[in-house]
Structure formats: C-alpha cells, structure tokens
Amino acid sequence: MLDVFDTPQPSTANVQVFYSTGEWVKPRGASVVRFMLIGAGAGGGAGSATAGGGAGGSGAVTSWVGLAIFVPDAVRINVGVGGAGGVGNGAFGADGGSTTAIYQQKDGTGYTLLTAAGGTAGTSIVGNGAGGAASTGSPFSSSGVWNSVAGQNGAGGGGSTAGSNITASTTTFLTGGAGGSGLLSGTGGSVAGQYGQSLPTTPAGGATAARNGYSSAVPGQLIYSLGGAGGATSETVGVKGGDAGFGSGGGGSGEDGALGGRGGNGLAIVWAW
C-alpha cells in the first residue's frame, strides 16, 4: 500500500514540499487538498564492548485528502527532526520527532489536525527501535479520506552475531536502520527498501564505512527512503552506523563503536487543485 489513495491530480496542481517547519497557505480557487506527513526516524545506538548497536525505527506516514472547504486558509506544518545517533560506548540513539499539521489561532492556541509520529530508538544495547505508531484518529477523519500507517522497526544489533538486516516493508515506503555487528571482524546489516533500492552489507574489518541511506521525495515520481546500514567491526573498533534518508532509521554501530547513525528528518507534502 505505497500510494494510499492513488488520487488523480491535474498537471496544474499546486505542490509544496516541506523539509522544515513552515506555513502552508491554501491556494486561491483550490477545490481539493491532499496532505502527506512523514514522521522523523530515530537514531541508531552505539555498540558496547560486547554487542553491536540496535538501529532506529522509521517514522509513521499519515495522509488525508478532501474538499478544500474543510481546510483552514493557513496551516502550520511542523516537521520532525531526526533522532541523533548514540554517542559513546553503549549509548542509545534518540527518538525521531513527530510531523504535524496545526491550525494556529491568532491568540497562540492551536488545534492539531494531522500527526505522523516519529520512530523510536532501541532501549537496550542490542534492542531495536520501534517504528512510529500509526495515529488512531484525526479531526479530519470525518471530512475526507484519512489514513495512517505505522513505521518500520529498526533491526537489532548483534550480541555475538553479525548485525541484523532490514527487508522491504509491505506497508510503507520508509525503512528502519540495520543493526551493528556484535562480532570481532563481523559484518554490519544491510537494508532492502522499495522498488529494488538497497544498501549492501558492510564488510568486516573496519576499513569500509557503513552506507548512508538515501531517498527521493519528488511528487509525481517514486517516493521512497532507506535507513542507514549497520556498522561492521575490526579487531579493535566498531564502524559508525549509516545515517538515514528522510523519515527512516539510523543504523547501529559495530561492537565498540562510538557513534550510531542519525535518523532522517521528517517531511510533509501538500497538494492542492
């Protein structure tokens, strides 16, 4: 379920992509509006002296499409910030921030219209972070077509094994990060995403950096994102986990690694026609 609505849109549609927080203003004459919000990914953990770091989960994706008469003239878009990777031996990564659409009143109060939760970081050295939880409702639920999909979990770090891999999700175009190696001279986890996009296993030995995730957010084309690959280990030190594309989770570092990969920032796309 990669395109939740498959809504026909004219070539003259107004499309705005928010990579950071800002304000969306309803275009004059718009009849239909579509929102897609993506929560930020969580950071990967740093490996300990005996295990690889667990990876961060991806953000959730929340979408709505409906008549423009139900949408305020101006909507505040708050884009979640990706979670930092764990810093220091055995440190956990940080959770990703939520991406929200808010009706902001002049008196400073606001009403949250839509939310896409950020991914969470692992809560133990080898533990993987969970994907952002799907929203359970919205003020928009009764005025259009609303949907929210949970993020993908990150992969666990290796205890005395290689880092765990990520396989492509069947429900979202985001991925969690891959786990770091818990073996001396062990390999870090790989990432498989949608449309055949992938990151390879990080070779053992410590000479090769874990690959960073990458992403595409061009409306009208494929939209996808990959989390960071897991760090490998040499005989003495673990490799840093890979950083993630938008909304995806950072990779865990290898055993004795000092830094997990960073989770990707959130994103919002708004169409009007």
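Okay, ground rules. Since the model is predicted, local features need pLDDT of at least 70, side-chain atom pairs count only at pLDDT 80 or more, and totals for chains, interfaces and linings use all residues. Residues are numbered from 1 along each chain as its sequence is written, and side-chain values use heavy atoms, with hydrogens and water left out.

Five strands make an open, antiparallel sheet, ordered 1-13-3-4-8. Strands here are DSSP E runs of at least two residues, numbered from the N terminus, and two of them pair if DSSP finds at least two bridges between them. Strand 1 (14–18) and strand 8 (144–149) are at the edges with a single partner strand each, so one side of each has no neighbour in the sheet.

Val 33 has Gly 66 as its bridge partner in strand 4.

Val 33 also turns up in the largest nonpolar core, which has 20 residues; Val 33 is among those with the most contacts inside it, along with Trp 24 and Phe 35. A core is a set of buried Ala, Val, Leu, Ile, Met, Phe, Trp, Tyr and Cys residues joined through side-chain atoms within 4.5 Å. Another core, of eleven residues, lies apart from it and includes Val 61 and Trp 271.

Last stop: Ser 48, in the loop between strand 3 and strand 4. Buried or exposed? Ser 48 is buried, at 11% relative accessible area, where buried means under 20% (1.4 Å probe, protein chains only).

Technical notes:
Helix = DSSP H or I, 4+ residues; strand = E, 2+ residues; numbered from the N terminus. Buried < 20%, exposed > 50% of the residue type's maximum accessible area, 1.4 Å probe, protein only.
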